[in-house]
Amino acid sequence: MIAARDAQIAALRQENELLRRKVDHILRQLFGKKSEALDPAQLELLLEADAAKKSDAAGDAPAAEPQAAASRHPRQRKPRDTSRLEVVEEVIVPAPVKACPEAWRKIGEAVSELLDYRPGKVLLRRIVRPVYVPRNDPDGVPLKAPAPPSVRPGLDATPAMLSHVEIGKFLWHKPFYRQEQKFRTHHGLWLPRNTLCGWHGVVADTLEPLYKLTGGRVRAATYLQGDETPVRYLVPGNGRTAIGYLWFIHDPPGDGSKGEIYIEWHASRGSSCLDSLLDGFRGILQSDAYAAYDTWTARHEGIVQAGCWAHVRRKFHEALQGGQNLAAGPLARIQQLYRIEAGLREDGAGPDRRLEMRRQLALPLLETFKAELLALRADPAVLPKSPLGAAIDHALGIWQRLLVYCTDGRVEADNNLTENAIRPTAVGKKNWLFIGGEDTGRRSAILYTMIENAVRAGHDPEAWLTDVLTRLPQMTNQDDLSVLLPVS
């Protein structure tokens, strides 16, 4: 009976320890620091016997952002007050009238007004097209110059104005309701958010051919990174939100720099979403260990899965933050692998050089590392269900995938280049909270794709988008749209 009681006490203590660590992990996720940076000297200290001290479970909670006040303006349509705007007038005279003005008599004019943007101010661009009839034929057909090209006929905004609004939301994370307040406060112009949403739809539909072209270019690569991030969207009819996902694929150039990105919106996180995202792709697919990638790969031939060392490292870091100091050993070993990668980036090494140095330097470390992980898993002090035990099982479970980067110099050690592309959406979600619906999700994916690629290519994204919205509506089906892509 005493032995049974002691065994029960030991089991309860073990369960209590696991639950405590889970609570600590949740508290760190909610309130703790998100940085995973570790000082090498700290790891050495932890590896020394009896020298480590348990880290705090959580840091200070960040201050909550104040909720922005909602717009007080009524939603009904009313005449737009543009009296405070500077007016720039442009008169367009037909070519025949310019050639022989004395032969024509002006009988009227067609006037259109477009909202335009210049850095720091909103303008009213007034387009005047005088109407003429021949002097010798008063009853002849009136003549006027054709209207200048527009993103869409009847749209009362120039490409510069549309670009400013889109870049404001998708690069600088300003929701339309905040932009509505900005235009009213700074420029004395009421632009209701439903108007801004309508403009957004026009821009997304205009850019869709370039977006599809980008998707085809990215999928044509033989090495891609994939990831996804949740985004709440409004469910029609009940005023509630559901969770959809932006799915990312990235084509790294193989030298540690950024390549093209392509994003799709889906209302779920199932493996079927990859059917369109990776349609026709064959090659190496690098991702985290999310099961959807395994399920999709099992249904397709010609796919080699590569693992992500950053996700492996994250699990060991969480174990260390939870007080399991034995995680310092694996972290120090992973840090050695990343030092090799840092040196290759500093040297600007290409795929061939990276493959050579990884075989010489990284593979021997990895063989030693695997033996150390097996020894740790056999250690009675490492509980299988503890964060450290889970981290070890995760690494060993995808070990062959983690070695792929040592067999192909194009492959990165981790998925961080793709996660960097996700960050703008993560910042945006804190401001706009949710998107308007599934169709809005598709349009958001188009804008995020094109703007992110413009930033990666080193362009001024607002100037690039203005140029594209000016030129794209004038192009025909025979024109080569690839000249408008930010990445040549």
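**Close-up views of a predicted model**

**View 1. Leu 171 in the loop between α4 and α5.** Leu 171 sits in the loop that lies between α4 (159–170) and α5 (176–187). The model shown here and in the views below is predicted. With a relative accessibility of 18%, Leu 171 counts as buried, because buried means under 20% relative accessible area. Leaving out residues up to four places away in sequence, Leu 171 touches Glu 166, Ile 451, Val 455 and Pro 461.

**View 2. The packing of helices α11 and α12.** Two packed helices are described by the angle between their axes and by the distance between the axes. Helix α11 spans residues 351–378 and helix α12 residues 387–397. They pack at an angle of about 140°, and their axes are 10 Å apart. That makes α11 oblique to α12, because angles count as roughly antiparallel when over 145 degrees. The α11 and α12 crossing is left-handed. On the α11 side, the contact involves Lys 370, Leu 373, Leu 374, Leu 376 and Arg 377. On the α12 side, Ile 392, Asp 393, Ala 395 and Leu 396 meet them. The residues of this contact of α11 with α12 comprise six nonpolar and three charged, with no polar.

**View 3. The aromatic pair of Tyr 233 and Trp 265.** The count of aromatic pairs comes to eight. In the pair of Tyr 233 and Trp 265, the ring centres are 5.4 Å apart and the planes lie at 90°, so the pair is edge-to-face. Tyr 233 belongs to strand β4 (residues 223–235). Trp 265 belongs to strand β6 (residues 260–266). The pair therefore ties together parts that are 32 residues apart in sequence. Tyr 233 and Trp 265 are both buried.

**View 4. The aromatic pair of Tyr 290 and Tyr 293.** Tyr 290 and Tyr 293 form an edge-to-face aromatic pair. Their rings are 6.1 Å apart centre to centre, with 80° between the planes. Tyr 290 has a relative accessible area of 22%, so this residue is partly exposed. Tyr 293, at 1% relative accessibility, counts as buried. Tyr 290 and Tyr 293 form one aromatic cluster together with Trp 247.

Definitions and conventions
Residues numbered from 1 in each chain as written. Predicted model: local features only at pLDDT ≥ 70, side-chain atom pairs only at ≥ 80, totals over all residues. Heavy atoms only, no water. Axes fitted to C-alpha atoms, helices over the stretch in contact; angles between N-to-C directions. Helix = DSSP H or I, 4+ residues; strand = E, 2+ residues; numbered from the N terminus. Parallel < 35°, antiparallel > 145°, perpendicular 65-115°, else oblique. Left-handed = near helix turned anticlockwise from the far one by under 90°. Contact = heavy atoms within 4.5 Å. Nonpolar A, V, L, I, M, F, W, Y, C, P; charged D, E, K, R; others polar. Phe/Tyr/Trp six-rings, centres within 6.5 Å; stacked < 30°, edge-to-face > 60°. Buried < 20%, exposed > 50% of the residue type's maximum accessible area, 1.4 Å probe, protein only.
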